[in-house]
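Please consult the sequence and the coordinates alongside the text.

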Amino acid sequence: MIGKGIAKGFIETARNFVGSYTEESRLVTVEYPEERLPQKENARNFPFLVYDGEDAEKGLRCVACKICEKDCPPQCIYIVLERDEKGRPQKHPKVFDIDVSVCMSCQICVEVCPFEAIKMDTEFELSQTDRFDGLLLDKHQLAKSNEYYHKLHPTEAAAVDANLAAEKAKKAAPPAPSTAAPPQPAPAKT
Amino acid sequence: MSFVYTVSGIVAIMMVFPLLFGITTVLERKGLGRLQNRLGPNRVGPFGFAQFVADGIKMLTKEDIVPRTADQVVHFVAPFVLLVPVFLSFSVIPFGRKLVLADFDAGLLFFFAVGAATELAVFMAGWSSRNKYSLLGAMRAIAQMISYEVPLVISSLTVVMLVGSLSLMDIVREQQPVRFGFLHTWHVFTPWGLAGFMLFLVAAAAESNRTPFDIPEAESEIIAGYLTEYSGFKYALFFLGEYLGLFSMCGLAITLFLGGWLAPFSFLDFVPGPIWFALKLLAMIAVFIWARGTLPRLRTDQLLSLAWKFMLPMALINLLVAALWHYSGAWDLPAGYAVRWLLCAAPVLISFLLLARHFSRKFTPRTYRYAD
């Protein structure tokens, strides 16, 4: 019978029309700048530097060992070691730049860092009017607190904190008797 | 006095309908969004209703590109050739008891005569662009518009047969008598009027290039058809012309079948006619938007066979039914109006079922046999 399918279609779209006003679940649009969906816990974008405590400069976990700089496939990390007036290394970066226009979000820097100092951020609204200097993030822009890290990746951050605390305890304690349980190996990072 | 009336009428038509076009574009986008469970535009102005202003400014400030190999003069003139007959067609539509710009004796004839000029403009646009997509679109448009002009005119001929006048004012006045004490005798309440209205609606959608009959500018097939080489404000003028053509077609459908400026019930007659006309026009536009949000585009052969193999026979049968209605008015039937109604509805319904069966025979679900 001609027209039956057409009538069915008209009823379907009419149901959509009425439903979009009455049923919340039908309108799936997220009006982005005002509303946004919560980030997935495993989301990652570009790296940032973690610091402990209040002071971003003093609390940086980074010791400027340059492992990440060497392992970075697109070579987007630039580190200069801080030295005191006598030229002795200070275990602290003087310069730590990441060019996020080059970074490919591979997370290799996070994997190789032995000090849990560099982690992946989820910040994605990075548009700039200047694509050279604007996208070259320096140490002050990169430094984010450990609380911020906990907010982004709660599970991973808790594991990292436990690991760091265990290492600290091991270092502080005298060589433990062999009967004591060896410290748990760090859980595999994702 | 007459001069002032004419000039003010022209100014009113040229202001009201383009404004309605602007509002309709927003309403259409919002309505289509809701039909597809989306939000639609809601950024510019309150609830997004100033979107058409932003779009207009955007169109005005865009670069006007004309292809070097195009026929410059024809390419330039085509949008205006489209707009002039469309505006002219509004002049014969009665918007109220005395609100008509030109009360021709042959108003309906004038409407179809100027309406046919839009096809010329579309072909001018397609031909002068020197672009194969434009030409394909223009040829599709010609095939479609000429095919659907036939059922369009024949379905409105029934009204002329029954009323005995081509004047649109007379046609509305003929629908004024009251039946059952409250209902105006709109033509759509008769069997031939209902069938004629349906046929007219489908043909009007095809005439004004509305989905599902938008093959002349099928975006997914031939870019934008005859509009491909147009940009900036000329493009906007084409859209204006297209929507105004839709409005005038809706206006004619209202005048012929839906009682023009008449209220639906006689106890609502105190509300002025133009308000009823506007409400009916908005309702018709809503139906077209609903159809656009529902139906997919037809193929060219389906489109043409629908026009010639289904709508034309239906329109011709409807013409005979109208004649039957005319003569059966004088017959002495047992239960009067109801029997007369059923007597005339039967041939329409039977021929619809038979034709539809015949027509949809080749559209049965296809069976595919895949290679093993």
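**Helix packing in chain B**

The model is predicted. In chain B, helix α1 (residues 2–35) and helix α11 (residues 273–294) have axes that come within 9 Å and cross at roughly 45°. The two helices, α1(B) and α11(B), are therefore oblique to each other, and their crossing is right-handed. On the α1(B) side the contact is made by B:T24, B:E28, B:G31, B:L32 and B:L35, and on the α11(B) side by B:I285, B:I289, B:W290, B:R292 and B:G293.

A second pair in chain B is formed by α3(B) and α4(B), whose axes are 9 Å apart and which pack at an angle of about 170°. Because angles over 145 degrees count as roughly antiparallel, that angle makes α3(B) roughly antiparallel to α4(B). The crossing of α3(B) and α4(B) is left-handed. Here B:P85, B:L88 and B:S89 of α3(B) meet B:F111, B:V114 and B:G115 of α4(B). The residues of the contact of α3(B) with α4(B) divide into four nonpolar, two polar and no charged.

**Burial and length of two helices**

Helix α11(B) has 22 residues, which at 1.5 Å a residue should span 32 Å; its end C-alpha atoms are 32 Å apart, which agrees. Among the buried residues of α11(B) are B:W276, B:F277, B:K280, B:L281, B:M284 and B:F288. B:I285, B:I289 and B:G293 are also buried in α11(B), and these three belong to the contact with α1(B). The buried residues of α11(B) pack against α1 (4–22) of chain A, together with α1, α8 (191–207) and α10 of chain B.

For helix α5 (residues 117–128) of chain B, the 12 residues should span 16 Å at 1.5 Å a residue; the end C-alpha atoms are 17 Å apart, which agrees. Buried residues in α5(B) include B:T118, B:A121, B:V122, B:F123, B:M124 and B:A125. The cover over the buried residues of α5(B) includes α3 (72–89), α4 (107–115), α6 (132–163) and α10 (232–257) of chain B. After α5(B) comes B:R130, with a positive phi near 55°.

**Contact between the chains**

Chain A contributes 13 residues to the contact, and chain B contributes 13 residues. On the side of chain A that touches chain B, the residues divide into six nonpolar, six polar and one charged.

**Individual residues**

A:Q75 is exposed, with 12 other C-beta atoms within 10 Å, while B:I223 is partly exposed, with 17 other C-beta atoms within 10 Å.

B:L349 lies in helix α13 (residues 337–359) of chain B. With 13 C-beta neighbours inside 10 Å, B:L349 counts as partly exposed. The C-alpha atoms of B:L349 and B:P191 are separated by 9.3 Å, although these residues are 158 residues apart along the chain.

Key. Residues are numbered from 1 along each chain as its sequence is written. Chains are lettered from A and ligands numbered from 1 in the order in which they are written. This is a predicted model: local features need pLDDT of at least 70, side-chain atom pairs count only at pLDDT 80 or more; totals for chains, interfaces and linings use all residues. Axes are lines fitted to C-alpha atoms, for helices over the stretch in contact, and angles run from 0 to 180 degrees between N-to-C directions. Helices (H or I, at least four residues) and strands (E, at least two) are DSSP runs, numbered from the N terminus. Angles under 35 degrees count as roughly parallel, over 145 as roughly antiparallel, 65 to 115 as roughly perpendicular and the rest as oblique. A crossing is left-handed if the near helix is turned anticlockwise from the far one by less than a right angle, and right-handed if clockwise. Two residues are in contact if their C-beta atoms, placed from the backbone, lie within 7 Å. Ala, Val, Leu, Ile, Met, Phe, Trp, Tyr, Cys and Pro count as nonpolar, Asp, Glu, Lys and Arg as charged, and the others, Gly among them, as polar. The expected span of a helix is 1.5 Å times one less than its number of residues. A residue is buried if 20 or more other C-beta atoms lie within 10 Å of its own, exposed if 12 or fewer, and partly exposed in between; C-beta atoms are placed from the backbone.
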